[in-house]
Every structure is written in C-alpha cells, then in structure tokens.
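Trainee: I am new to this kind of work, and I would like to learn how to read a structure one feature after another. Could you take me through this one?

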Amino acid sequence: MNAPVAPIARTIRSVCPHDCPSVCALDVDILADGRVGRVRGAKDDPYTAGVICEKVARYAERIHHPERLLHPMRRVGPKGAGQWQRISWDEALDEIAARFRTVEDQHGPESVWPYFYAGTMGHVHRDGIERLRAVRGYSHQYDTICVGLPWPGYIAGTGLLGGVNPEQMAEADCVVIWGTNAVHTQVNVMTHAMKARKTRGAKVVVIDIYRNATMEQADMGLVLRPGTDGALAVATMYILLRDGLADRDYMAEFTDFSPEFEAHLATRTPEWASEITGLPVAEIEAFAHLVGTTPRTFFRLGYGFSRQRNGSTAVHAALSIPAMTGAWQHRGGGAFHSNSGTWALDKSRLEGTHLQKGTPRLLDMSEIGPILTGDAKALQGGAAVHAMIVQNTNPATVAPHQALVREGLMREDLFVVVHEQFMTETAELADIVLPATMFLEHNDYYTRGGHTRVLYGPAVMDAPGEARSNHDVINAIALRLGSEDPVFRTSDRDVVADTFARSKYPALEEVEKTGYVDRERPDEVARFAKGFGWPDGRFRFAPNWQDVADRKGYRWVCDPAEMPRFADHWAINEAADDVHPFKLATSPARAFLNSTFNQTPGSLRREGEPTVFIHPEDAVRLGIVHGDPVVVGNFRGQVELTAFLHTGLRTGVLIAEGLHRNKAHRGGQGINMLTSAQPAPPFGGAPFHDAAVWIRKAE
Ligand SMILES: Nc1nc2c(c(=O)[nH]1)N[C@H]1C(S)=C(S)[C@@H](COP(=O)(O)OP(=O)(O)OC[C@H]3O[C@@H](n4cnc5c(=O)[nH]c(N)nc54)[C@H](O)[C@@H]3O)O[C@H]1N2
Ligand SMILES: Nc1nc2c(c(=O)[nH]1)N[C@H]1C(S)=C(S)[C@@H](COP(=O)(O)OP(=O)(O)OC[C@H]3O[C@@H](n4cnc5c(=O)[nH]c(N)nc54)[C@H](O)[C@@H]3O)O[C@H]1N2
Ligand code: SF4
Ligand SMILES: [Mo]
C-alpha cells in the first residue's frame, strides 16, 4: 500500500466502462512506471462535473490486481474443482473451434449460445459477440436482465426512450428521485439535484422501500411497500384532479386523457393507496401537492422500482404524473429514465447483421438457469444448449434462480468458455478460461444512457500477460471456424471509426480530440413539446403494449388481455404468505457494481460481510439481535447472512445490499438463490427485488 509512487508521466482522457448510467468522463494519470495513478472525474464534462464514485477512483486496485487473469487455461479436474492447466492461445482457440464445430454438427448451431452482458459498456467489446452469433447461426440472446422491465414501461407512455437533459435537474424546483439509489448507483444525479437545492432551494424527494443513502439526503422521503409504486402514482393523479392541480389544457393537447381514465382514477383514493403502499394518507397528499404546485418538477425514474414483477406498469404509472401536471412544458421539469433510444447508431457491421443466416431462436438471458437445466418452454421446444462463450457477465453470481444456473453450468455435456478479467464464480465453472483486457488497454466508444453524450476511450497501456480484448477473441474464433468476412480482420479502432462513419457522426480523428460526441437534442424535442413519440403525438395514459412490442421487437410473456387498461397498480407480485411472510429486495451496494469490484480490497473493506436489513420489531419477534447469523429462504433456496437491524424499512421487508460473491456467504450460496427466473410481464425481465421469503436465526 505504501510503496513509493512513480511520478506522473501523462494524464489521459478516458471513460468509465462499467454498467452505470453515469458513464463518467475520466482523467487518468499514467505513471512513469506504466501503472495507473489517480483516476478523477473530468471537470470539463458538464455531467460528470469532476465527480466519480469511490470504487472507480480506486481503479488502480482493480487494473493492477494480483488476481487478474493473465493466460488462457483449461480445466483439468472436475467442473468447479479449481484445477487448471495453462495453455497457449493457439491451443485454446483450436479447442474452442473444434468443440463448437462438434456441437454444431451433432446438435445444430442453435445449441451454441454466446452469452454476454454489459461488463464493459463499450459497444465494440460488448456487442461484437453478435457477429460470431450471426455468422454461425447460433442462438440469439433476448436482453432482459436489466432493461426488460423498465424500458417498455417508459416507452408505453412516451413512445421513445429519451427524456429531458438530466443536467436540467439543476434548474428544477423539485427533483423526484424515484426507485434509484443514486448515491450508490449513479452519483452524478446527486451532483445536479443538490445544485438545484443549493441554488434554488429546490425540494428533493426520494421514493424507495428503505431509507437508503439517497433518502438520507432528501427533503421528503417516502418509504413504501415493495412493488406498490403504481398505487402511489395513481393516487397522486387522483389528488391532482380532485384539487384542480392537473393541467387539463396540456392533457387535452398532448395526451390521450379521457373521461374513462378520469373515471378509473376516481376509485384510486389516497385511502386506497395508503392501504396498499403503507404510506400515511398525509404523506401521499403532501407529495401530490408538492409536485402539483411545482411546475418545474423533474422526475428521475430509476431502475430499482422496475425490478418488481409489476415493474413495467409501475414505471408507466410514475411517468404519467408529469404528463398530468404538464411538468414537461417547463425548463427544469419533465422526466428522464434513459436516453438509450436517441443515439441513432448504425451498428450493422459491428454486429455482423450482413452475416446473419436464418432466424435462430431467441433465448432469454434471465432464464439462463431454466435454459441450461433443460426447461422445454425456456428452450422454446428446441435443442438443449451444449456450448457457450461468456463475455462481460458473471451469471453464476448475478442471474436469478442461482441453484439452476449452477446446476446448468455444472453439466458435463455443456462446454463453457469464459472470457474474463478475473476468476469469477462463472469462470470457476468453465472448461476454458481466457484472459481479457480492461478499458485502458483497448479502444472503444461508450453511450451514456444517463445523459446526452457518446464518449471515446482509447487504449493507453499494454495489456498484462497475454490478455486479449473481446473484439480480438471473437474475430479469432470466427476465423478459426472458417469465416472469410473481412470484418473479422478489423481492429477495434477500425470498428469505432466505421461505426461513427455509418452513423454520420464526426470522424473518429475529430472525436479523439475532445473525447466525445454531443448528442443533446434540442430542448423542445427532448421535452416532447411538438408531440410525444406515438403517431398522434400524445402521451398514453392507456398504453397499447402491442405497439411497444412491435416497435422494439419485444416478445409477450403473458396474455395481453391481462394487462391493466390504464396507468395503475397491478397486484401480481410474489405474495407473502404464512410460510414466506417477508418481501426481500436485493438492492445495490455502494462499493460493488453488480458483482464487479467484489474482489478489490477497498470495496471489500467498505462492504464487509453480506448483511440483511430487518426492522427491529420483526427482529424482536423472531428473537434475532443485531449481528446474528440468519438464514433467509424460500422454495428456490437458502442464503446465510448477518442480521442488521434497520429502522428505515417497513416491517415485513428485508433488504440485502449486494452483490457479494456467493462464497462470501457462509454456506457458499449467494443472494440470487432466492430470486425468480420466471419472466415478468409484459415482455420478460428478472424481478430481482420481488421475492417472498422467510428468515430465521441460524442454528
Ligand atoms: N454501486 C453500484 N452502482 C451500480 C450498480 C451496483 O450494483 N452498485 N448497478 C449498476 C446497474 S447494472 C444498474 S442497472 C443501475 C441500477 O441502479 P438503480 O436505478 O439505482 O436501480 P437498483 O439499483 O436496482 O435499485 C435502486 C433502488 O430501488 C429500490 N427499490 C427496490 N424495489 C423498489 C420498489 O418497489 N419501489 C421503489 N420505489 N424502490 C424500490 C432499491 O431498494 C434501491 O434503493 O446501477 C448501476 N450502478
Ligand atoms: N440480486 C440481484 N441480482 C442482480 C441485480 C440486482 O439488483 N440484484 N442487478 C442485475 C442487473 S441490473 C444487471 S445489469 C446484471 C449485471 O450482471 P453482469 O453483467 O454479470 O455484471 P457484473 O457482475 O458487473 O459482471 C460483469 C463481468 O464482466 C467482466 N468484464 C468487464 N469488462 C470486460 C471486458 O472488457 N471483457 C470481458 N471479457 N469481461 C469484462 C467483469 O470482470 C465482470 O466479471 O446483474 C443483475 N443481477
Ligand atoms: S461506476 Fe458510474 S459513477 Fe462510478 S465512475 Fe463509473 S460511471 Fe461514474
Ligand atoms: Mo443493470
């Protein structure tokens, strides 16, 4: 720790590559000895504004971690036994190509399932795996794990996944931070919200299911029961109409507001919502009056409240409030969830669209457990999966219904390649492990879902050992499998340049000078002042989910007729019962990012052992005291944690902040033992914060 530090050789502009809406612009010191020194948020980037989270500020710990993977390895003992033999890249690639070809021949190309997610958010190294899939006709991946629930809910209202520039939070008179623990998950939201408070006396409202770090900083905190946000939203609209706070002129011009919707809301009283949410009527009234009398109210809608089985409809209901108050009309007002619908990038060559043969089946990534254990419905009646290459994700820790994920990955007749930076719990179960580069060791561009910029991050240092980039590994496998397409002979930089050119972005040489492309849309477009994204230009209080499916290629997982007709509370969540009297949410820890950073010393020090928050009244009733070892379980499995008595949640609710390594838990089972892999309506997605469980003191 106290080793002498080499002088700074240069400071370079880069981008945080991790799966976080902030996508911070970074200034990174490269030291004379070639190592990374300080990592800071860029001061001249208006959204980053010089602030980054502590886990990335300590990046030297991660990039120079002694446990980084440096060489390809082949499993020699039984699966998961941790016995490895170092092999060369040629041996590894030959074996992968041979095994993939054998599986293709014996079971068909759809038996190979390349599997990835957003470990890096760089498009070249994240999405290039699609090229391999396309050229070989392998099974496709339905990307539901994170965005499957929230995005449809947002689009159902606005018709477009985009919103007001989040920098404008600083110009709001009220900022509603709804279902996102921004202090942990996207710290820059706080920068701009707190600026509004400091300079304009703005009120900051936080809506969550526990008094989390973000709510600690709020002027008004609403702690509701998990999965009841829709009820709060419609009761808020009831009050707005009742008290003359709805903007009827705005609704007449810009929404589908109808007498039927008004009649529907007439039954959604604060008393009704209080029963469902657990919030006192007075709190609901106060919230409705605050947002109803503050034209410049900015609704920052997070991911957290969508990770409930009814999450899509909850997001839509919350989004409906600014459409009723007309907050969209005012600078500093409106709503934002993600700008991911606004980049207009042509990724056809990057993803190898031109190489696609046929229309292979689309397997739901959240259902990896059921899929690998042979669930016929999840496999869509097709052949079992017999080979995988995994990049940028750690499903053995992060995917729901962990018992099935593990059972599947342990199958002797499944060949698994994991390309990783660390020996994750997924890599531990692989047949071949390949070492991957980190963001400062390869070239890529990154879109900032939580803001308006596309950023470029260049390779500025050599990779350690024999680590290779995702791009290079995908190309090498495709070439070994006999593909002739020139795209497999490109460099990552070529692909960035080509993608920018196709997308009519400025040339890469230009972008390199500043490190970004500004995709900010004119303010009136961002706030839908000339109409929302549906053909009639109207916001939809009565969503047409089929239109959402058609627009985005989503697949129904329920009967469309079951969906509520209007913005509403939809009571379909996993119900607590006598055996499972608690609702568990698995909220994000501050110093981990999903399972990333759960091996860096600073993060481990900060997070300590895996704990579960429980209300003191519940604890007393169950004879549990602070610090007790406890077991939390349901019909899917059991997890051991340490009890942490917390007054900031409702009775009957448990919160486990994660994701710790599975093996950090006594018993070795991680929190996703308890979460459900059953796709949530309308179009799939994992309801990570919606599990009915029991809890008891460990024996
Ligand atoms: N430090 C850290 N940063 C992260 C991550 C991380 O794991 N750790 N993960 C990254 C990723 S991949 C993503 S997608 C984003 C997600 O970031 P967020 O949008 O913040 O979403 P979540 O982290 O799922 O949960 C946010 C909050 O929602 C609350 N919540 C759960 N259920 C409900 C509910 O029913 N109603 C309401 N109102 N609130 C509810 C949780 O308790 C939590 O406090 O963060 C990214 N950033
Ligand atoms: N219980 C519970 N589970 C959750 C959630 C929750 O809130 N609760 N959140 C869910 C959400 S929102 C998400 S998005 C998923 C995310 O789940 P994952 O996508 O699995 O995210 P991480 O755990 O961050 O793992 C990313 C992995 O990618 C690796 N990686 C990073 N960069 C590269 C690279 O350039 N090349 C290669 N080959 N590998 C790289 C990292 O080392 C890391 O192991 O987890 C979900 N799981
Ligand atoms: S994890 Fe998020 S907040 Fe932290 S540096 Fe990266 S983008 Fe910024
Ligand atoms: Mo995510």
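Mentor: Let us begin with a ligand and its neighbours, where a residue is near a molecule if one of its heavy atoms lies within 4 Å of it. Of the 30 residues around ligand 2, those that come nearest are Thr393, Asn394, Glu420, Ser595 and Thr596. Before we go further, note that this is a predicted model, in which local features need pLDDT of at least 70, side-chain atom pairs count only at pLDDT 80 or more, and totals for chains, interfaces and linings use all residues. Residues are numbered from 1 along each chain as its sequence is written, chains are lettered from A and ligands numbered from 1 in the order in which they are written, and side-chain values use heavy atoms, with hydrogens and water left out.

Trainee: Which atoms of Asn394, His419 and Thr596 lie at polar-contact distance from ligand 2?

Mentor: A polar contact is a pair of N or O atoms within 3.5 Å; within protein, one must be able to donate a hydrogen and the other to accept it, and residues adjacent in sequence count only if both atoms are side-chain atoms. Asn394 places a backbone N or O atom 2.8 Å from an oxygen atom of ligand 2, and His419 places a backbone N or O atom 2.8 Å from a nitrogen atom of that ligand. From Thr596 the contribution is a polar side-chain atom, 2.5 Å from an oxygen atom of ligand 2.

Trainee: What kinds of residue make up the shell around ligand 3?

Mentor: For such a count, Ala, Val, Leu, Ile, Met, Phe, Trp, Tyr, Cys and Pro are nonpolar, Asp, Glu, Lys and Arg are charged, and the others, Gly among them, are polar. The shell of ligand 3 divides into nine nonpolar residues, two polar ones and one charged one, and among its members are Cys16, Cys20, Val23, Cys24, Cys53 and Lys55.

Trainee: Are Val23 and His401 buried or exposed?

Mentor: Buried means under 20% relative accessible area, exposed over 50%, and partly exposed in between, with a 1.4 Å probe and protein chains only. Val23 counts as buried at 2% relative accessibility, and His401 counts as buried at 17%.

Trainee: Where are the cis peptide bonds?

Mentor: One cis peptide bond joins Gly658 and Leu659, with omega about 10°, and Leu659 has its place in the loop between β24 (653-655) and β25 (691-697). Another runs from Pro681 to Pro682, with omega near 5°, and Pro682 lies in the loop between β24 and β25.

Trainee: How many salt bridges are there?

Mentor: A salt bridge is a side-chain nitrogen of Lys or Arg within 4 Å of a carboxyl oxygen of Asp or Glu, and by this rule the count comes to 46. In one of them Asp90 pairs with Arg480, the closest N and O atoms being 2.8 Å apart. Asp90 lies in helix α3 (residues 89-107) and Arg480 in helix α18 (residues 470-480), so the pair ties together parts that are 390 residues apart in sequence. Asp90 is partly exposed at 47% relative accessible area, and Arg480 is partly exposed at 29%.

Conventions
Helix = DSSP H or I, 4+ residues; strand = E, 2+ residues; numbered from the N terminus.
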